[in-house]
Amino acid sequence: MFRALASASAALGPRVAGWARTMTSQQLLVAPPGALLKPLSIPNRLLLGPGPSNLAPRVLVAGGLQMIGHMHKEMFQIMDEIKQGIQYVFQTKNPLTLAISGSGHCALEAALFNVLEPGDSFLVGVNGIWGQRAADIGERIGAQVHTMIKDPGKHYTLKDVEEGLSQHKPVLLFLTQGESSSGVLQPLDGYGDLCHRYKCLLLVDSVASLCGAPIYMDQQGIDILYSGSQKVLNSPPGTSLISFSDTAKNKIYTRKTKPVSFYLDMKWLANIWGCDGKPRIYHHTTPIIGLYSLRESLALMAEQVRGEGWRAGAGPGPVWQALRLPTVTTVAAPAGYDWRDIVNYVMDHFDIEITGGLGPSAGKVLRIGLLGCNATRENVDRVIQALEEALQRCPRNKL
């Protein structure tokens, strides 16, 4: 064995170096891309959209650490620490708590793929784009999807929800705590208890709100909660956080059909994340560097909860006055202007990203986010200055 390794080692250098010579020994139909022969160049940009956000310095350092194996004991220790961090920011003691190898959309699919079966009644609060997407995924699974539709800027009352529960007898209700497409914060107190009276599980999207608005998973009776890494946590996109109550876990473990996705099968994920008390078995290669970064983001939150967000009224003022999402402020797109001109001007002249509306709010609002370490008075002043200049310099419609 050792002679074979020594032989392989001796041959490795020439073999690797010879790869390019072998490739160029024949006529190539695709030439080496000229762009890849130049150094990577990234602009220094302040991200004040609804996400992703700029990385915290400590998280940036974590992303430069060397790889270890995804099945090494040290990696499992990091994963265990991430689980504890998620339990902390979610305020839950649920054993089935872990990170998903994918963005917030992936966590939404993990929740729905594992809990819903074909024919299940699924009640969805649609007051923005995230409810629309939850309903879409439910339909793809084959669930009986029932939507409670509200105009952008509206939220769901306990009365609204009870009417839907009484009429449709769902096994699952979806609500978005922080609807980033409209800047609305959904109340959650009492909704879990109401769902449980109707034998319904409560699923909450907190991607845009986690650590920027209070949430208490166990106290509020939330059965499934998920969030993303790239918002207030100031971590790279590509990992998401999720937790299941014991009741939701029982629904998963007693289902009659396999989940439609192997990659997001929660029984497999529970094992690789050490949630089932069994020896860990390879399922997929986790995003190791992304998990380093997520661990450091959660560590920062454990040291000091940040991200109270921004309630300043830039431009013409907030669109929705009632329950405003503190992490993403929506302001009415100024009359007489093309909102794209304003967004582009702020980007081109100030290197600041803000965005327009999304889904039902498209073309109606500008969205400005101050997430985590970006939530500073200095950044508020910078974006207000940029908007004031944009309104002076951008052309107005001749109508």
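Predicted model: local features only at pLDDT ≥ 70, side-chain atom pairs only at ≥ 80, totals over all residues.

Let me begin with Arg367, which is buried, with a relative accessible area of 5%. Arg367 sits in strand β14, residues 365–369, and its side chain reaches the backbone oxygen of Ser180 at 2.9 Å. An unreviewed UniProt entry places the feature "binding site" at Arg367.

In an unreviewed entry, the UniProt annotation "modified residue: N6-(pyridoxal phosphate)lysine" covers Lys231. Where is the place of Lys231? Lys231 is found in the loop between β9, residues 224–228, and β10. Its relative accessibility is 8%, so Lys231 counts as buried. Setting aside neighbours within four places in sequence, Lys231 is in contact with Pro50, Gly51, Ser53, Val207, Ala208 and Leu371.

The loop between β9 and β10 also holds Thr239. Thr239 is buried, with a relative accessible area of 2%. Again leaving aside neighbours within four places in sequence, the contacts of Thr239 include Ile100, Gly102 and Ser103, and also Gly228, Ser229, Pro287, Gly290, Leu291 and Leu294.

Is Ser245 buried or exposed? At 10% relative accessibility, Ser245 counts as buried. A polar atom of the Ser245 side chain lies 3.1 Å from the backbone nitrogen of Ala248. Beyond residues up to four places away in sequence, Ser245 touches Asn94, Met217, Ile222 and Asp223.

I turn now to the nonpolar interior. As general background, nonpolar side chains in soluble globular proteins tend to be buried together. In this model the largest nonpolar core has 78 residues, and Ile100 and Leu112 touch the most other members. Apart from that core lies another, of 20 residues, among them Val331, Val343, Phe350 and Val383. Returning to Leu112, and not counting residues up to four places away in sequence, we find that Leu112 touches Phe122, Ala134, Ile137, Gly138, Ile141, Leu172 and Leu203.

How far apart are the end C-alpha atoms of α5? They are 19 Å apart, which agrees with the 18 Å that its 13 residues should span at 1.5 Å a residue. The buried residues in α5 are Ile129, Trp130, Gly131, Ala134, Ala135, Ile137, Gly138 and Ile141. For the spacing of such positions, recall that an α-helix has 3.6 residues a turn, so residues three or four places apart point the same way. What covers the buried residues of α5 includes the helix α4, residues 104–115, together with the strands β3 (121–126), β4 (144–149), β5 (172–176), β6 (178–179) and β8 (201–205). Just after α5, Gly142 takes a positive phi of about 100°.

How many disulfides does a search of the whole structure find? The search finds zero. Consider Cys200, whose closest cysteine sulfur is in Cys195: the two sulfurs are 4.4 Å apart, too far for a bond, because a disulfide requires the sulfur atoms to be within 2.5 Å. Cys200 counts as buried, at 2% relative accessibility. Cys275 also counts as buried, at 11% relative accessibility.

Terms used. Residues numbered from 1 in each chain as written. Heavy atoms only, no water. Buried < 20%, exposed > 50% of the residue type's maximum accessible area, 1.4 Å probe, protein only. Core = buried A, V, L, I, M, F, W, Y, C linked by side-chain atoms within 4.5 Å. Contact = heavy atoms within 4.5 Å. Polar contact = N/O pair within 3.5 Å; in protein donor to acceptor, adjacent residues only side chain to side chain. Helix = DSSP H or I, 4+ residues; strand = E, 2+ residues; numbered from the N terminus. Expected span 1.5 Å × (residues − 1). UniProt positions renumbered as here; feature names shortened; annotations may be inferred.
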